[in-house]
Structures are given as structure tokens and as C-alpha cells.
Amino acid sequence: MKRFKFWTVSVICALSLTVGVSYFAVAQCTVPGAHQKGEPLKAGQLNDPFEDPPQAAELNDNRPDAPWITRWYSLKGPITNNGGFAASARKDWIDMGTNGKITQETLSTESGLKKTQNTNVNLRNNGGDMGWCIIEINPADGNNMSTAYGLVDQSDIDTYAIIVIDSPNKRKATMSPAHDDHAQIWLNGDKVYNNSRWTGGATIVDFEFEVELKKGTNVLLYRCGESGGSDYFNLHLDNQTDRVVTIFPEDAKDAEEFFKEVGGTLAVEPRNKLSTTWANIKRLK
Ligand SMILES: [Ca+2]
Ligand SMILES: [Ca+2]
């Protein structure tokens, strides 16, 4: 009787263990919501604003011929002496340099963007008093964060760059960044991408991410933090979106020309409850 009990218990234990291990193995492979390699990161998937995407799912896809965006509205120079990208990433240099008048989040909205027309970013020890300009980057250049400003392979810098995407309709779009080192991207006030790991080459994409574009004006802010070695930031949209949207700056050579270019798409704050646009105001003059 005792022996019978012992074997029964042993068999039950062994079975339970096998079932348990199998269940655990299956559960490990099918964690709900886990990111699969090749899938774009889902819109709103960023649970923690500093959570990196899973390293195992990196695409490591070199795309020299993708429709990379080359013209950006940017500060007149990089943020300097950033203390390295890891120390810098959680600092909002825009907030610090404007005494809270603009933050990284509001800079990626129409109202924040408009404030840059008369708001400099003043950081005495990190670049000085900086206004805004147009930069042109070479997507193939592994130091385009430096060369955009006529500099040579800088270290310990942060670049802030903006585009306005004018979309003919509300639509899903897929964005593909390449960066060295830490990239943080905001769209219309929300952080949509965070990755502290460099992608390994100026046109190498590790992750795509989905966003929802509004009809009309969408403001995108791309920040990249650099410690040493290569320093590049690049972004391209999926081909279909790239064909139907207009991306600003187009031909603008300075901040003033940039705001003239986007003037028709940026909404003016409602006045007397009448929603109007800069284009309308121009017509009234
Ligand atoms: Ca560098
Ligand atoms: Ca680097």
C-alpha cells in the first residue's frame, strides 16, 4: 500500500512537472503583444517612454535607396557637452533652454512649432543662444549630425530636427529611422519612438513603427543623442505615404521661408471662435 502510494505520487508529480514545463515553454513563445521581427512597432505601443524595442527583433536592414528625408527645420547648432547620450536622454533641453515656454512635447505640435518664430533655445554651457534654421543632411553620411552644421565628427551632442507632414487624409503610416546613438521621436505631441541602441550604419533600419497621421498638418520632432564615433539620424516613410504627403521644409532656405511654406497648412489659434488659417489671414491683408 505504501509502495503504491509512493509511485502514484511520483507519477503525478512527474506528469505535473512535464505539463508545467511545456506550458511555460509555450507561454514563452506566445507572450501576448510581444513584438515579432519584421512587424512594425504598433502605434501607442510605447508603455514606458524610455523602453527600447527588443534587441532580438532588430531588422538590421540596409536601405541605401529608401526615400530618406534630407531637409529639416532645426536649431542652428547641436546641443553640446550633453554628458553622453545616456545622461542626456532624460533631459529636455528645449524646456531648459526656453524656461519652459516650449517643451519637447509641445515642439511637436503646431502651437509649439509656431513659438519657435520668436523663441530661441538659450543654453549657456550647451550650445549658447540658438535660433532656428534649415539643415540639409546626407543620409549616407555616418556623421550627418555633425556635417549638417559644417562640423567634423562631434562627440557628446544632441540634435533636434523637425518636419511638417501635410497629409491629404487621416491615414496609417509606417516610419523607418536609422540613428546613432539614441533616437527619440515625437509626433503631434506624443512620443512615438524610443531606441537607445545605434542601428549600425547610416541607412540601416532596425525597427519600423506605425503612426496615425491626421488630415492636414502633422509635426514630427526627431531628437538624436550622440556620445562618440558615428553620429547620424535618418528617417523615411513608407513609399505609399511618401508619395501622397508633402513634407516641409521643401525649398525653404531659412526659418522665415519655412514658415511661409507651411503657412497654408498651420492652423492659427481660433480667434473669436472663428477657426481660420494663415492663408486666410494673408488673403485678408
Ligand atoms: Ca561623433
Ligand atoms: Ca555614436
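Q: Which residues does serine 108 touch, not counting those up to four places away in sequence?
A: In this predicted model, serine 108 touches Trp186, Leu187, Asn188, Gly189, Asp190, Val219 and Leu221. Each of these counts as a contact because heavy atoms lie within 4.5 Å. For orientation, residues are numbered from 1 along each chain as its sequence is written, while chains are lettered from A and ligands numbered from 1 in the order in which they are written. Local features need pLDDT of at least 70 and side-chain atom pairs pLDDT 80 or more, whereas totals for chains, interfaces and linings use all residues, and side-chain values use heavy atoms, without hydrogens or water.

Q: Why is serine 108 called buried?
A: Its relative accessibility is 0%. Buried means under 20% relative accessible area, exposed means over 50%, and partly exposed is in between (1.4 Å probe, protein chains only), so serine 108 is buried.

Q: Where does serine 108 lie, and what does its side chain reach?
A: Serine 108 sits in the loop between α4 (104–107) and α5 (110–115). Helices (H or I, at least four residues) and strands (E, at least two) are DSSP runs, numbered from the N terminus. The side chain of serine 108 reaches the backbone nitrogen of glycine 189 at 2.9 Å.

Q: What makes a set of residues a nonpolar core, and which members of the largest one touch the most other members?
A: A nonpolar core is a set of buried Ala, Val, Leu, Ile, Met, Phe, Trp, Tyr and Cys residues joined through side-chain atoms within 4.5 Å. The largest one here has 32 residues, and Trp72, Met175, Leu220, Tyr222 and Phe233 touch the most other members. Among the elements that give two or more residues to this core are β6 (157–167), β7 (171–180) and β12 (216–226). The largest share, 4 residues, comes from β6. Another core, of 26 residues, lies apart from this one and includes Trp132 and Phe259.

Q: How do you know that arginine 63 and glutamate 208 form a salt bridge?
A: Their closest N and O atoms are 2.8 Å apart. A salt bridge needs a side-chain nitrogen of Lys or Arg within 4 Å of a carboxyl oxygen of Asp or Glu, so the pair qualifies. Arginine 63 lies in the loop between β1 (61–62) and β2 (71–75) and glutamate 208 in the loop between β10 (204–205) and β11, so the pair ties together parts that are 145 residues apart in sequence. Arginine 63 is buried at 14%, and glutamate 208 is buried at 19%. Arginine 63 also meets aspartate 61 in a salt bridge of 2.9 Å, and Asp61, Arg63 and Glu208 are linked in a network. The whole structure holds 7 salt bridges.

Q: What makes lysine 170 exposed, and which side chain meets it in a salt bridge?
A: Lysine 170 has 61% relative accessibility, over the limit for exposed, so it counts as exposed. The side chain of glutamate 212 meets it in a salt bridge of 3.5 Å.

Q: Which residues coordinate the calcium ion (ligand 1)?
A: They are Asp153 (OD), Gln154 (O), Glu226 (OE), Gly229 (O) and Asp231 (OD), at 2.2 to 2.4 Å. Donors are N, O and S atoms within 2.8 Å of the metal (3.2 Å for Na, K and Ca), so these distances qualify; water is not among the atoms, so sites may look incomplete. Glutamate 226 also coordinates the calcium ion (ligand 2), 5.4 Å from ligand 1.

Q: How many disulfides are there?
A: The count is 0, a disulfide being a pair of cysteine sulfur atoms within 2.5 Å. Cysteine 133 is buried at 15%, and cysteine 224 is buried at 1%.

Notes
A polar contact is a pair of N or O atoms within 3.5 Å; within protein, one must be able to donate a hydrogen and the other to accept it, and residues adjacent in sequence count only if both atoms are side-chain atoms.
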